[in-house]
Amino acid sequence: MTSNDPPASPTAEAGHILPAAHFDALLTLLHEDGFDVRGPRVQGGALEIGKLPNAAALPQGCSATQEPGAWRLQHTGTPAWFGITHGGMSWKALLHPARTRLWSAERTADGFSVHEDAGPAKPFAFIGVRACDLRAIAVQDNVLQRGPYVDAVYNARRNGAFLVTVDCAEPSGTCFCVSMGSGPAAGSGYDLALTELDAGSASHRFLVRTGSRAGEAVVQRLGLCEATHQDSASAKAIVEGASARMGRSMDATAARATLSANRESPHWQDVAQRCLSCGNCTMVCPTCFCTTVEDTSDLSGDIAERWRLWDSCFTFGFTHVAGGTVRESAGARYRHWISHKLLNLHEQFDESGCVGCGRCITWCPVGIDITAEVAALPQDVS
Ligand code: SF4
Ligand code: SF4
C-alpha cells in the first residue's frame, strides 16, 4: 500500500478527531512502522525540518513574522503547535537534496571500481506539510518522477513517503496560496490532513481527514472517534479565516498574459538595479529543481566522486555555452525565473511553478517581491 492509493471507501463524513494529548500515538505508530519521521523544529532561532521524536519537539508556543527580506521567530506563547507556516527550508531538502553523491570510484589493482550510494534506509513520514508545500511536492513529482526521465534519487526518497498535512490557521505576511489555488487547506495527495482546533484549551484536538488507504489504516489503528459536524464547521471557519488574511495576492491568470506581453519591458532593467543575483529565491523555492554536477578527486588520485548540487538560474554561468553566457544581465535572469514559474511551467506541465508560499519574498535579501514585480509590469495586454 502506498500514499498514492486513494481511500478504499468514503471516510467518516466529517473526519475523525485526534486529541492533542494523543498526538504522540500517531508519531509512535509511524516510528514503529519503520518511517523516518520528520517535522518542523526550532533550531538556532530558525525553523528547520528535522527528526521528530515526539510532539514536544514541535515549535509549540512559537510564531514567526515574515515580510520582504525578513523572517523573525517569536516566542509569543501562542497555544498553537503549528503556529509557524514555514521557514526557509522546505521538504525539497529531503526529497531532492541540495548535495547528493551520485557515485564514487576507487582505483584498484586492475583498474577501478565504481560504487553508487544507496537510497535512504527508511521511507519518510512528513508531519506538518503545508498545503502550498504539498502542491510543491506534486510539481516536483511531475518534473522528477512522472516525465520520460525518472530521477532515481528523487524516486527513491519520494516512494513510500507518508504525508501528514496541517491546514494553515494564520498565514504569513508573504503568503499568497489562495491566489495560486494551493491553500490554505490541503488539496489532494496527502495521507492525513489535520486542522488544529481549540489550541490552548482542554479540548485541544486535530480534525483528521484521510486521503489514502494508508491514511485510513492509520486512523483505524489509532482508534480515532468520528468528528462531529461542529468540529467540521470549526475547521472550515479556520481555513476561511486564513484565506481572508493572506499577506499578498496575485492574479495568476492575468500574470501569464502580462509576462507573455512584456518580454522586452524596461521593467526588467529596474529589477536588475535591485537584484543581487544571489540565488536565494531559487534555493528556498520548493518547486525549483535545477542541478549541476561536480567531479572531485582526492589528493592521491585514487578516489574520485561525482556530486549533484542544487544550481540556480541566477548564476552567470547557468546558461554558459560555447561562445558565452546566454542570459548576461540580472534583468534577463530574473525575467527567465519569474516566467518559468508563472508561465512556462503551464506550457510544460499544465500547472503553475509557483504555489504562493512566499519564501522567495521573505528570503530575498533586498525584498524583491514576485507579486509586486508582476503588478509593476504594464497590465494592458489587449
Ligand atoms: S516562486 Fe516564490 S512564492 Fe512561488 S513557490 Fe517559489 S518560493 Fe514560493
Ligand atoms: S530576486 Fe532576490 S533572492 Fe533572487 S537572486 Fe535577486 S536578490 Fe537574490
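Predicted model: local features only at pLDDT ≥ 70, side-chain atom pairs only at ≥ 80, totals over all residues.

Q: Where do Asp 231 and Arg 205 lie?
A: Asp 231 is in helix H7 and Arg 205 in strand S11, so the pair ties together parts that are 26 residues apart in sequence.

Q: Are Asp 231 and Arg 205 buried or exposed?
A: Both Asp 231 and Arg 205 are buried.

Q: And how many salt bridges are there in the whole structure?
A: The search finds 20. One of them joins the side chains of Glu 170 and Arg 245, at 3.0 Å from N to O. That pair links distant parts of the chain, 75 residues apart: Glu 170 sits in the loop between S9 and helix H5, and Arg 245 in the loop between helices H7 and H8.

Q: What about the accessibility of Glu 170?
A: Glu 170 is partly exposed, at 46% relative accessible area. Arg 245 is partly exposed too, at 39%.

Q: Switching to the sheet, what is the strand order?
A: It is an open sheet of eight strands with mixed pairing, ordered S3-S2-S8-S9-S10-S11-S1-S12.

Q: Which strands stand at the edges?
A: S3 and S12; each has a single partner strand, so one side of each is left without a neighbour in the sheet.

Q: How do S10 and S11 run?
A: They run antiparallel, joined by six bridges. Glu 196 stands opposite Phe 206 in S11. Helix H6 packs on the sheet, touching S1, S9, S10 and S11, and its direction makes about 140° with that of S11.

Methods. Residues numbered from 1 in each chain as written. Chains lettered and ligands numbered in written order. Heavy atoms only, no water. Pairing = 2+ DSSP bridges. Helix = DSSP H or I, 4+ residues; strand = E, 2+ residues; numbered from the N terminus. Contact = heavy atoms within 4.5 Å. Axes fitted to C-alpha atoms, helices over the stretch in contact; angles between N-to-C directions. Salt bridge = Lys/Arg side-chain N within 4 Å of Asp/Glu carboxyl O. Buried < 20%, exposed > 50% of the residue type's maximum accessible area, 1.4 Å probe, protein only.
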